[in-house]
Amino acid sequence: MVKETYLHDKHVALGAKMIDFGGWHMPVQYSSIIEEHKTVRENVGLFDVSHMGEVFVSGKDAEAFLNKIVPQDITKLDYEKAVYCQLPKEDGGLIDDLIIYKLGIEKYLVICNASRVDEDINWISRNQRGFDVFVDNQSHNYSLLAIQGPKAIDVVRKMGYDIEDQKSFTIKPATIEGIKLLASRTGYTGEDGFELLVENKYAEFLWDKVLEKGAEFGIKPIGLGARDTLRLEAALHLYGNDLDEETTSIEAGLSWSIPKDKVADYNGKEVIMNQVANGGNKKLIGLVMLDRNIARHGYDVYFNGEKTGVITSGCVSPTTGKNIALAYVKNDKEICTGATVQVMIREKLHDAEVVKRPFVQKRNKV
Amino acid sequence: MSFTENILCTKSHEFVLKGEPAIVGLTDYAIEQLGDIVFLELPEVGDEFAKGDTFANIESVKAASEIYMPVSGKIVEVNTALIDAPEALNEDCYENGWLVKIEATNEADYEDLMTYADYKEELE
């Protein structure tokens, strides 16, 4: 059965085009993906991302447990801070990617992909033996609203939230419009922004308030279509496209997120540390098409006349007008920034240039 | 008289306006479903296609789709202006947004096509 968020009726009332996304009936667009995309880059947009999973991990061994299942160093995560993590298997392949927040002593929040909640919980319980932890999947009780864009800060201020000391990648308990919630300064668009985690019963009220208070800043509801083009311009990975159980963090270009001096053992450490030194079997690259053709998920990539890999995400970039893509190719030194590869589109090869990621630079550093 | 009054439509959302030449394009419903159009690949004058053949490709931000010939025929004119500005299809897919003009070769090909009114009804 297709699931609906507590904001489903709002989307339908706003005239959204709805699609099935990972088992959820979600808005793909309200007006136009390009318009919505530009709204977020230039002003501010509101997203319903309530389909994402929220798992609370608490108990005496919460820190040690999380430290065992991610390559990131949870012992160095301060109170109210967030860290981008991956959930590797022993062979380094990824079960999911996550954001872990430290909410208090022995209390953490894990936000994971909607499509992977069951696999994550399954994986977590398999790893739980010997640890004194309580894993509480609260995904069905919480709604998540993302306010994203250069004017996101103006909207939350207008709603009475004092963000003075809230930096990027932090989370705080807050009271906004009389509602107790968790406010996190994170997002998935390459812009500054906030994600508000509330109990389901407050979701509709908060959604309306954000649109009302954000009106003077040009806020609009944004669908999953623009969420995808925004994250791709920022070269943020999408699980299922750019990450999967056959891909390691290093192959995915996520080496920057992995501490090389973490003392504790963790799942996949041997493979990951070996790949840090020697590289993986494949590598993620950014591409810009050199003609009008668009590289899409699943298209083959060629180098020097031979198949070298596959496109995992691709779209037209509404900000630059160029056709951009992420691809995995053989870990070949010659396939480097500035090199030309070919993408097989409708049985013809089309040139693409390897470029640095992200495709669009973040303008508002926080 | 509105353009759609005389067109015939396929289940795959192409239209053809009978005539010499006949005019072929995509329905407003197809364009609406695709969303922002960002790419269009059209055939060349002189190319020949059978009914049901893929003769063009269209892409929106979301997805890539093939466009099929509603009737067999030979391409006699291509709306080349659309290749450089495919987004114009989001404004008008009929008077200025037709894709190709063809010399239809088989009158019987029209028989299983729907009038625009029937097509709209089918969509509901």
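By relative accessible area, a residue is buried under 20%, exposed over 50% and partly exposed in between, with a 1.4 Å probe and protein chains only. A:Glu347 is exposed on that scale, because its relative accessible area is 76%.

Some housekeeping. This is a predicted model, where local features need pLDDT of at least 70 and side-chain atom pairs count only at pLDDT 80 or more, while totals for chains, interfaces and linings use all residues. Residues are numbered from 1 along each chain as its sequence is written, chains are lettered from A and ligands numbered from 1 in the order in which they are written, and side-chain values use heavy atoms, with hydrogens and water left out.

Back to A:Glu347. Although not a glycine, A:Glu347 has a positive phi of about 65 degrees. It sits in the loop between β18 (340-345) and β19 of chain A; helices (H or I, at least four residues) and strands (E, at least two) are DSSP runs numbered from the N terminus. A:Phe169 is not a glycine either, and its phi is positive at about 60 degrees. Its loop runs between α5 (152-158) and β10 (171-176) of chain A, and at 31% relative accessibility A:Phe169 is partly exposed.

Next, the cis peptide bonds. One joins A:Arg357 and A:Pro358, with omega about -5 degrees, and A:Pro358 lies in the segment after β19 (348-355). Another runs from B:Glu20 to B:Pro21, omega near 5 degrees. B:Pro21 is in the loop between β2 (14-17) and β3 (22-26) of chain B.

Now the interface. How many residues does each chain bring to the contact? Chain B gives 17 and chain A gives 14, contact meaning heavy atoms within 4.5 Å. The area buried between the chains is about 1,400 Å², with 48% from carbon and sulfur atoms; buried area is the accessible area (1.4 Å probe) that two parts lose on being put together, summed over both. B:Asp36, B:Val61 and B:Lys62 supply 38% of what chain B buries against chain A, more than any other three residues.

There are 3 salt bridges between chain B and chain A, each a side-chain nitrogen of Lys or Arg within 4 Å of a carboxyl oxygen of Asp or Glu. One of them pairs B:Glu41 with A:Arg346 at 3.4 Å, N to O. On the side of chain B that touches chain A, α1 (28-34), β4 (37-41), β6 (54-60) and α2 (81-84) each supply at least two residues.
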